[in-house]
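Hello,

Here is the structure I promised to pass on to you. Please open it and keep it beside you while you read the rest of this email.

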Amino acid sequence: MVIMSFFLVCRLFYLQVIKTDYFQVKAEENRINVSPIAPNRGLIFDRNGNVLARNYSSYALEFLPYGVDNPELILANLSRLISITDEEKIRIRAAMADTGRFSNVIIRDDLTEGEIALFTSNAYRFPDVKLSAQLYREYPYGELTSHLLGYVRRISKSDLRVLEDRGLRAGYTNSDWIGKRGIEAFYESVLRGQLGLRHVEVDARGTELRLLDRQNAISGKSLTLSIDIGLQRQAFEALGDHNGALVALNPNDGSILAFVSKPGYDPSKFVLGFDQASWSELRNSPDRPLVNRASSGVYPPGSTLKPFLALAGLEENVRSPDWSMWDPGFFSIPGSKHKFRDWKKEGHGQVNLHKAIVESVDTYFYKLAHELEIDKIHTYLTLFGFGQKTGIDLPTESIGIAPSRDWKRKRFKAPWYPGDTISVGIGQGYNLVTPLQLAVATASIANGGFVLRPTLLRKETVERTQKGLTRANATSSRPLNLSSKNLDTLRTAMEGVMRAGGTAARAGAGASYTIAGKTGTAQVFSLRGGEYDEDSIQKRLQDHALFVAYAPAEDPSIALAVVVENGGGGGSVAAPIARKVLDAYFKSTLLGAPSE
Amino acid sequence: MSFSLRLKNELTKRFDFPLLILVLLLMAVSLFALYSSSQGDVAKVSAQAKNFIFALIVMWSVAKIPFGYLSRLALPLYCLALILLVLTMLVGDQAKGAQRWLDLQVIRVQPSELMKIALPLTLAWYFDRFERVLRPRHYLFAIFLLLIPTILILKQPDLGTAILVLASGVFVIFFSGVSLRIIGFIVTLTVLLMPFAWSVLEPYQQVRILTLLNPSSDPLGAGYHTIQSTIAIGSGGFWGKGWLSGTQSQLNFLPEGTTDFIFAVLAEEFGFIGVLLVFLIYFLLIWRSLTIAIQAPNNFSRLAAMSIVLTFFIYAFVNIGMVIGVLPIVGVPLPLISLGGSSAVTISIGFGVLMNFRANHRLVQT
């Protein structure tokens with residue numbers, strides 16, 4: 001008896017004296033429930049104050065699984081009232097499995113009014129299910145801004161792991177929203193705001209007894225973008241049924257005016273959750289609507305690369321403006337019989353730099369590339385920003401390829417052949433560029449030789465409040481120190497492209513402002529596969545149409561790049577699209593009225 | 001001698017005052033703990049007070065029974081309890097999945113409680129009667145007398161009471177002068193019967209035993225009681241959180257805080273020091289009872305008293321053991337502290353019997 005009693009006393013001593021701190025913490029955790037208060041996410045505006053992303057209030061059905069004996073039965077009964085798909089059930093079960101004490105699991109988001117009424121009248125049957133007011137993200141322009149803005153969606157397990165690694169886990173709850181892709185992802189920390197906390201004393205059933213402490217949520221900051229939603233819409237519509245991208249920016253400060261990738265997607269599907277069918281449709285669509293073509297799509301630049309090669313030739317004194325050559329319709333490397341053909345079979349006759357740009361003479365650039373050689377070409381392409389990130393405020397962008405001897409050795413384990421250089425000369429070799437890179441490089445011609453870091457933010461709302469996250473601006477531009485004489489030569493030639501005799505003469509006709517541009521038509525080929533079936537001339541194998549431009553030519557305020565996938569000729573397809581966008585831009589500027 | 005003096009003498013002469021005072025102290029502790037764990041429910045406290053008053057009257061009555069009657073009452077009491085147990089099994093009331101109560105129109109009784117007293121008295125009477133002619137077959141019959149009610153109670157199911165009834169009988173057999181050989185035989189038999197016993201247990205009882213080994217395996221289910229009570233006890237610390245200030249009990253995290261888990265309320269609010277005080281009262285109570293048992297007037301009373309004391313100890317030990325998470329949860333109340341009339345009455349009968357023996361010990365010696 002004594003031994004048994006001593007045993008009890010020892011155990012009590014262990015619990016109450018040795019481990020008392022541990023159990024006191026446990027008791028406090030029991031007693032105090034810390035529930036999060038969601039912050040209001042910052043809104044997103046375009047440059048004229050149009051709302052691109054906003055929050056609306058609606059109701060979600062929440063489930064408090066803690067202490068519930070048979071959650072499956074509740075779900076089954078509930079799904080007789082309110083539709084719950086099998087996928088949602090799977091998600092709900094997973095969430096219940098790892099949810100903490102007293103934390104709720106969302107059963108359904110954004111209930112309709114009918115569903116709310118139906119549930120309310122049956123609420124007595126579901127004491128563990130409640131309606132809760134929630135803020136949902138809404139994108140009024142839908143597909144039009146999908147690639148630009150991205151979306152928010154319910155946080156996933158992998159999101160939580162990433163946040164854990166960055167030490168940001170504490171700022172999010174298990175059923176929180178998080179920005180994915182686009183502006184929503186890049187400026188997540190700004191838009192999100194700060195989670196508030198309520199410390200509430202609860203009893204064993206989770207009933208709230210009294211508020212112990214409350215830290216209010218801090219709303220996220222709103223952002224004003226440099227995007228003009230009216231121009232964005234014009235660009236989107238101008239692309240018509242084509243897949244492609246258009247990027248327009250102000251060449252003076254790098255602020256992006258339009259940022260279109262087509263096709264887009266419906267961002268609300270991400271906010272409220274997909275059903276399996278529409279998700280796999282989106283994923284597996286051959287049009288690849290989830291790829292942001294404007295900054296992550298890579299294309300052979302075709303002849304739109306010629307202005308930059310021309311500048312390289314002038315700057316390196318390999319060419320003078322007046323130097324001319326006879327174009328027989330092809331070029332051969334001295335000592336080789338292989339003929340690199342011009343797009344014009346009979347040739348362009350006597351060609352100087354001006355004519356080479358205006359008529360897009362391939363032979364001229366074959367020869368120029370051959371004489372510049374790949375090392376110098378690589379240097380200049382790199383200077384113009386190709387083959388590297390532009391630094392735009394988006395979470396991802398492709399770097400494309402500015403080919404070099406090094407690059408080819410690493411990529412293909414093969415030396416660089418002189419023939420490789422020739423096709424680079426017409427933007428048709430190993431080069432790959434993003435529409436964004438092309439637009440930024442074009443802007444550097446327009447602004448007299450500054451490669452700007454493009455930016456999507458208009459106002460420096462962020463800088464004032466958020467340290468470390470500074471808005472990209474014109475001061476981060478990189479001067480190329482090009483001679484203004486060389487630049488003038490090129491710019492005059494690019495204006496010529498839009499006039500009679502130029503490759504985009506029809507698109508340039510009748511404009512009330514001067515345009516400088518360059519067309520490009522890129523043959524579709526795959527760097528990876530390398531082989532394609534010549535016989536099946538499907539739409540997917542037609543040439544990409546490209547066009548770069550800036551205007552007004554004498555004092556540019558807009559520069560742009562268009563890529564129309566499988567569109568055909570740059571002059572006939574891409575240039576008219578650019579013209580529509582430029583017209584819309586100057587119309588609204590002249591009227592001074594906010595578009596839309 | 002005046003009438004009032006005679007009355008006073010008559011009322012008190014059979015009470016053993018040390019025992020009475022210790023019982024009253026535990027009852028006082030009970031009322032305080034109950035007031036706290038019921039969150040100031042006066043109805044519960046006064047119900048318990050009524051239970052105690054009734055129990056004290058019963059105690060006094062039992063103490064007053066003429067000494068010789070007790071041994072003669074034993075066997076009829078056992079038979080009655082056995083009949084009631086069988087009846088309970090057949091027509092008893094269902095409550096919380098168990099069939100423990102029998103409605104006799106006038107009064108609802110828990111026959112298993114009656115058995116707690118009847119069994120040790122009967123076995124003591126039995127061994128007293130066959131003291132000089134004990135053969136192994138007598139022991140086998142004693143084990144038979146013991147196992148019948150135990151199994152009936154186990155099937156109600158009420159593991160806690162079954163253990164207490166079993167223990168009370170085993171103590172009598174143990175103190176009856178049984179040889180070590182037979183004890184060894186019983187121990188071996190017990191070990192061999194373990195797997196069988198496991199299969200006799202209800203699934204929920206098996207779960208409780210398994211949960212004890214690893215409470216966190218099912219924190220919201222079977223392990224919940226143990227986890228919450230150890231949190232309550234541990235968080236009480238050395239000095240306790242103070243009366244009415246235990247968060248675990250006041251906010252209902254502690255289940256069964258007024259009944260089986262009332263010890264955790266004491267431990268949380270009065271701390272290690274309060275727990276030691278309660279232990280001290282129990283210790284003195286058992287000490288006094290043991291003294292009575294040792295000085296008991298004859299073989300029957302010695303055996304019965306030993307069994308009653310040791311069963312009382314096991315009672316408290318099993319309850320505290322399960323509340324502090326070292327024994328499985330078997331539903332044994334804390335004697336004289338947990339809310340509940342029947343266990344208080346049964347225990348009081350036990351102490352009444354002890355007082356009865358005490359009052360007669362000199363009588364026989366002279």
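Below is what was found, going through a helix pair, a contact between chains and a sheet. Please keep in mind that this is a predicted model.

Let's begin in chain B. Helix α4 (residues 67–91) of chain B packs against helix α5 (residues 111–129) of chain B, with axes 7 Å apart and an angle of about 140°. Angles over 145 degrees would count as roughly antiparallel, so α4(B) and α5(B) are oblique to each other. Their crossing is left-handed. Among the residues that meet here are B:Leu70, B:Tyr78 and B:Leu85 from α4(B), and B:Leu114, B:Met115 and B:Trp125 from α5(B). Sorted by class, this contact has 15 nonpolar, four polar and one charged residues.

Next, how many residues of chain B are in contact with chain A? There are 25, and they touch 22 residues of chain A. On the chain B side, α10 (224–236), α11 (247–250), α12 (262–294) and α13 (299–323) each supply at least two residues. The largest share, six residues, comes from α10(B). This side of chain B has 15 nonpolar, ten polar and no charged residues.

Finally, have a look at chain A. You will find an open sheet of five strands there, in the order β12-β11-β21-β20-β19, with antiparallel pairing. β12 (256–262) and β19 (516–522) of chain A are at the edges with a single partner strand each, so one side of each has no neighbour in the sheet. From one strand to the next, the twist averages 5°. Helix α19 (residues 435–446) of chain A packs on this sheet and touches β11, β20 (544–551) and β21 of chain A.

Happy exploring!

Notes:
Residues are numbered from 1 along each chain as its sequence is written. Chains are lettered from A and ligands numbered from 1 in the order in which they are written. This is a predicted model: local features need pLDDT of at least 70, side-chain atom pairs count only at pLDDT 80 or more; totals for chains, interfaces and linings use all residues. Axes are lines fitted to C-alpha atoms, for helices over the stretch in contact, and angles run from 0 to 180 degrees between N-to-C directions. Helices (H or I, at least four residues) and strands (E, at least two) are DSSP runs, numbered from the N terminus. Angles under 35 degrees count as roughly parallel, over 145 as roughly antiparallel, 65 to 115 as roughly perpendicular and the rest as oblique. A crossing is left-handed if the near helix is turned anticlockwise from the far one by less than a right angle, and right-handed if clockwise. Two residues are in contact if their C-beta atoms, placed from the backbone, lie within 7 Å. Ala, Val, Leu, Ile, Met, Phe, Trp, Tyr, Cys and Pro count as nonpolar, Asp, Glu, Lys and Arg as charged, and the others, Gly among them, as polar. Two strands pair if DSSP finds at least two bridges between them.
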